Each structure stands twice: as C-alpha cells, then as structure tokens.
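Below are some notes for a colleague who is opening this structure without having seen it before.

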Amino acid sequence: MKKRMIGNLEVSEIGTGCMGFSHGYGKIPEESYSIEAIHKAYEAGCTFFDTAEVYGDVLYYPGHNEQLVGKAVADFRKDIVLATKFHLHPEELANGTSMYDAICRHLEKSMKNLNTDYIDLYYLHRINEQVSFEEIAKVMGLFIKKGIIRAWGLSQVDADTLAKAHAITPVAAVQSLYSMLERDCEKEIFPYCQQHNIGVVAFSPIASGFLSGKINADTQFEAVDDVRKFVPQLKRENIIANQPILDIVTEYAEKKHATHAQISLAWMLHKYPNVVPIPGSKNQERILENLGATDVELTDEEFAALESALDACTIYGHRGSVETEQTDFRQNWKKNS
C-alpha cells in the first residue's frame, strides 16, 4: 500500500479504525475474529491502527479495545504506527496532582493495555473546556522528548485551537470527522494543516456507512451500543434526502469498477495529500474492501467532475467537526441511550 506522512510518522495511506471491535456498532464479534481481522488488515498493507482508552466502556470496560488491539499487533508492533487517545477531567488534577502525573496515569495504562513501551501517536480525545489544553500541549512535549510517545494529536478542534497548541508542541495529526457529507474541516483545518505539515486523520470517512450504499431508510440499527441511531445523516428523512449524493457515488463506482465505499475514500485521497482516512468496521470483508480503495485512482478530470457534482448537492443532517467534552457527540448518545 502507498504511504503518507502525518507529521513525522509514515503510515499506510488508509488506516484501520478499531473501535467497532469493542464499541459503537452493536454486538461485537468474537475476539479471535477481531484479531484475525487486524492481522488481515496488516497483511493487506495497513500499517496504521487507531484505538482509544474509552472504547469498550459500554459493553465491557474502558481499555477493552486497547487490550484487543495489543494482542492483535504483538507480532508486528514495531512495523506499525499505533494511535490511541485519552480524556482528561478536572477532578484528576485535584489535591495537587500535576498535569504531567495526571496524563502519565492514562499513558501508562494505555501502554499496559497495548502491551507496548511507547505510543506512536497519542491524541487528546476531546478538549475539556475546564482543563487547559495549552498545559496538556506542554506535557506532550515532555513525553516526546523522553521517547514515551513519538508524536501527539488533537481531535475535533477548530483551527484557532490547533494553532495555539501547535505553537507550544508541534502537532502531528488532527483527527476529524470528514466525508462527502461532513466537509466543515475543508474551510480552515485542511489549509492550516497543509501549511504546517500536519496530517488530517479522517474518521467516519464513509459517513457511518451511508456512503457504502448498504444503508437505506428502512435499516434498523442495533438496540444496544449502536451510535448510528444518533448520527444526524442516518435519520430516516436525511437518508432519503441525501440520496442524490449516493446516486453520484453509484455512477462513479460503476465507472471505476469499484465499490461505493472505495469511491468515497478515493475522492478524499485524491483531494488532499495529507489526509489519511481510518474507516472502521467489525466485518473482515468490509475492512479489506476499504483498504482496497488504495487501488482506485481517479483521474484529474474524473475528480473535478465528481467534486462539481457533489458541490451542487444540498447535504441534510450535520454533526460538525468541532467538539469538546462538554459538546461531544458522545454526550448526545448518552442522553438518548
């Protein structure tokens, strides 16, 4: 698989989001199946795997996904880029606990879960409005100097916040919601990141499955721990209203002898040299299909026509690419679960 740079890290141009093996899409598969899926992704050329300390907290416990991923990548740990994420709350800084010590507890726990002595890419999962992200940026610089992490990143932030953090400790990656249906970060995040050698790691690049063409207005999501029930674009009326976008993708999928998901990934790979999508799935076939998008190349003419067609569409349902602990999509999910 072709490679891309996110900051100082070289990764496969398509990564694997591992969340679905523990959280977010309802009932999870057997651990052996999930481990085999990660092995198959690696054999297909994927060298970038994304997890987080919180994945698994609904059905199991925080750290469940990290533990699974740690088992899966043990034989090729040194050959991949491993990313995980942490949350930090103000009560963790009580009783004189320093910012360094508070974050260190998270980092040490994640390294234990992942069975590794370093993290390649360590994200602040969401900014907490009651905790200084500037102080967090300073601590990240110390971790990098000590070799405990190789690089750090932020998730779902605006360009102003990114610039302030980057000025303290250079940021390698911004993880952002990005797809044909969620394009907010094209306005400021992508321009800033291109100017400052920062990668944009696109999560939900297939719009929670909508752009795969496998979801329709009658699709029923699972009752327990399925965040798709609360994704704006997957409301019945928005699935119907956004059909013209799917029709465009269908046209190009037929033209390029590719799947719908592969076209949606090929589109963003063509558009930005610093984007690395991390589609997530709990299904082995879907994971390999998504990684196969690396072989689908749009010509400049095809891309321009596709972009023009997309620009002419109205998009229904909007989540947005800026969130904090206080305004997180996860909070919406909790309130409605």
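1. Two strands are taken to pair if DSSP finds at least two bridges between them, and helices (H or I, at least four residues) and strands (E, at least two) are DSSP runs, numbered from the N terminus. This is a predicted model, in which local features need pLDDT of at least 70 and side-chain atom pairs count only at pLDDT 80 or more, while totals for chains, interfaces and linings use all residues. Residues are numbered from 1 along each chain as its sequence is written, and side-chain values use heavy atoms, with hydrogens and water left out.

2. Eight strands form an open sheet in the order β3-β4-β5-β6-β7-β8-β9-β10, with parallel pairing. Its edges are β3 (16-17) and β10, each of which pairs on one side only. Within the sheet, β6 and β7 run parallel and are joined by 5 bridges, and L124 has L154 in β7 as its bridge partner.

3. On one side, strand β8 (residues 173-177) pairs with β9 in the parallel sense over 5 bridges, with F203 of β9 as the bridge partner of L177. β9 also pairs with β10, again in the parallel sense, over 3 bridges, and here A202 stands opposite P277 of β10.

4. Is β9 buried or exposed? Taking buried as under 20% relative accessible area, exposed as over 50% and partly exposed as in between (1.4 Å probe, protein chains only), 5 of the 5 residues of β9 are buried, so this strand is largely enclosed by the rest of the structure. Both of its faces are covered, with G199, V201 and F203 buried on one side and V200 and A202 buried on the other.

5. Helix α9 (residues 260-271) has 12 residues and reaches 17 Å from its first C-alpha to its last, close to the 16 Å expected at 1.5 Å a residue, the expected span being 1.5 Å times one less than the number of residues. Of the 12 residues of α9, 10 are buried, so the helix is largely enclosed by the rest of the structure; among them are W267, M268 and K271. The elements that cover these buried residues include β1 (3-6), β9 (199-203), α8 (243-256), β10 (275-277), α10 (284-291) and α11 (300-311), where contact means heavy atoms within 4.5 Å.

6. Helix α3 (residues 99-114) can be checked in the same manner: at 1.5 Å a residue its 16 residues should span 22 Å, and its end C-alpha atoms are 23 Å apart, which agrees. Its buried residues, including Y100, H106 and N113, pack against α2 (64-73), β5 (81-86), β6 (119-124), α4 (133-146) and β7 (149-155). After α3 comes N115, whose phi is positive, near 55 degrees.

7. Aromatic contacts come next. Rings of Phe, Tyr and Trp (its six-membered ring) pair if their centres lie within 6.5 Å, and planes under 30 degrees apart count as stacked, over 60 as edge-to-face and the rest as tilted; by this rule there are 8 aromatic pairs. One of them is the tilted pair of Y100 and F143, at 5.1 Å centre to centre and with 50 degrees between the planes. Since Y100 lies in helix α3 and F143 in helix α4, the pair ties together parts that are 43 residues apart in sequence. F143 is itself buried, with a relative accessible area of 0%. Elsewhere, ring pairs link Y178, F190, W267 and Y272 into a cluster.

8. Two charged side chains also meet rings, a charge being over a ring if NZ of Lys or CZ of Arg is within 6 Å of the ring centre and within 35 degrees of the ring normal. R77 lies over the face of Y118, 4.1 Å from the ring centre, and the charged end of K255 sits over the ring of Y252, 4.4 Å from its centre.

9. β1 and strand β2 (residues 9-12) run antiparallel and are joined by 4 bridges, with S12 of β2 as the bridge partner of K3. The hairpin they form has 2 residues between the strands, and G7 in the turn has a positive phi of about 65 degrees.
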